[in-house]
Amino acid sequence: MVSTVIKNWDNKTWLSSKDYIKSFNIFLTKKVKLNPKSKILDIGCGRGKILGTLSSKLRLKSKPLGIDTINHSDKDKRILFKKTNALSFFLKNKKRFDLILIKQTIHLLNLYEVNKLLYLCKKNLNQNGKILIFSLDTDNNEIPSFKLMKTKLSKSLQRDKKILKLITKLYPYKKSKFIYKVKITRNKYLKMLKNRYISTLLSMSDSELQKGLNEIEYKYKNNIKFRDKLICLAL
């Protein structure tokens, strides 16, 4: 399974804001019926803020389980954290879950790994459990981008399309979208880009990134507004 070196994707951005987390959890609880006895797993949990907040909201009797290849120092204490990858986790796991969340991480896998992961997820679900997979909108993405970033992102989204197509061929599903209206200052967004908050920025050289930052500074006004749109597949 592919490991990622992204450490800043949910750090001090709209993705970690209380309003975003609240909106996302409202969307989650409309997609799957959860109660205080529910067992939840988050694959690629990051700092675990989403499930930590959900745990408090639902007053879960058992802490949600979060797995990630990065052990963040400020991870949420309301979750049980495992520093591993999903395939290794399932080799030893004996628990069953009512919800398995895979948010913006499945694109890091190859098609074989996606197939294997979903098979294991299905095996580890309770009878009425659900898998929710979230991926960037592959057709109408609005993420503010500079020229090179847009090219790399478009290429990445084409790969995402193949992954989503594979998933929908393998399993019955329901498709919907989660949309969050983002308002961010240009300076804050520039800092996010410097931190390489999205995987398409990781392979860029410092000079390429700096050129892109200059493009963003010229292209956008002091305040940036756009819609962060995610495709949700419920299996």
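**Figure 1. Order of elements and overall dimensions of the chain.** From the N terminus on, the protein chain runs α-β-α-β-β-α-β-α-β-α-β-α-α-β. That gives seven helices and seven strands, where helices (H or I, at least four residues) and strands (E, at least two) are DSSP runs numbered from the N terminus. The model is predicted: local features need pLDDT of at least 70, side-chain atom pairs count only at pLDDT 80 or more, and totals for chains, interfaces and linings use all residues. Residues are numbered from 1 along each chain as its sequence is written, and side-chain values use heavy atoms, with hydrogens and water left out. The C-alpha atoms of the protein chain fill a box of roughly 55 × 35 × 30 Å along the principal axes. A compact globule of 235 residues would have a radius of gyration near 18 Å, and the 18 Å of the protein chain agrees with that; the radius is taken over C-alpha atoms, and the globule rule is 2.2 Å times the number of residues to the power 0.38. Of the 235 residues, 49% count as buried, buried being under 20% relative accessible area, exposed over 50% and partly exposed in between (1.4 Å probe, protein chains only). Among contacts with a separation of 6 or more, residues 24 or more positions apart account for 78%; contact means heavy atoms within 4.5 Å.

Figure 2. Seven strands form an open sheet with mixed pairing, in the order β3-β2-β1-β4-β5-β7-β6. Two strands are taken as paired if DSSP finds at least two bridges between them. The edges are held by β3 (80-83) and β6 (174-185); each has a single partner strand, so one side of each lacks a neighbour in the sheet. Neighbouring strands of this sheet are turned by 20 degrees against each other on average, direction ignored. Axes are lines fitted to C-alpha atoms, for helices over the stretch in contact, and angles run from 0 to 180 degrees between N-to-C directions. Strands β5 (residues 125-136) and β7 (residues 223-234) pair in the antiparallel sense over five bridges. S135 has I231 of β7 as its bridge partner.

**Figure 3. Helices α2 and α6 on the sheet.** Helix α2 (residues 49-58) packs on the sheet and touches β1 (40-43), β2 (65-68) and β4 (97-103). The direction of α2 makes about 165 degrees with that of β1. Helix α6 (residues 186-194) also packs on the sheet, touching β6 and β7, and its direction makes about 115 degrees with that of β6. In α2, the residues I50, L51, G52, L54, S55 and L58 are buried. The cover over the buried residues of α2 includes α1 (18-31), β1, β2 and β4. Just after α2, R59 takes a positive phi of about 55 degrees.

**Figure 4. W14 and the nonpolar cores.** The largest nonpolar core has 48 residues, and W14, F134, M149, Y189 and Y197 have the most contacts inside it. A nonpolar core is a set of buried Ala, Val, Leu, Ile, Met, Phe, Trp, Tyr and Cys residues joined through side-chain atoms within 4.5 Å. Not counting residues up to four places away in sequence, W14 touches Y20, Y180, V182, I184, Y189, M192, Y197, F226 and D228.

**Figure 5. I131 in strand β5.** I131 lies in strand β5 and is buried, with a relative accessible area of 0%. Leaving aside neighbours within four places in sequence, I131 is in contact with I100, I102, L118, C121, K122, L125, L233, A234 and L235.

**Figure 6. K229 in strand β7.** K229 belongs to strand β7 and is buried, at a relative accessible area of 8%. The K229 side chain reaches the backbone oxygen of N140 at 2.7 Å, a polar contact being a pair of N or O atoms within 3.5 Å; within protein, one must be able to donate a hydrogen and the other to accept it, and residues adjacent in sequence count only if both atoms are side-chain atoms. Beyond its neighbours within four places in sequence, K229 is in contact with S135, L136, D137, N140, E142, F178 and I179.
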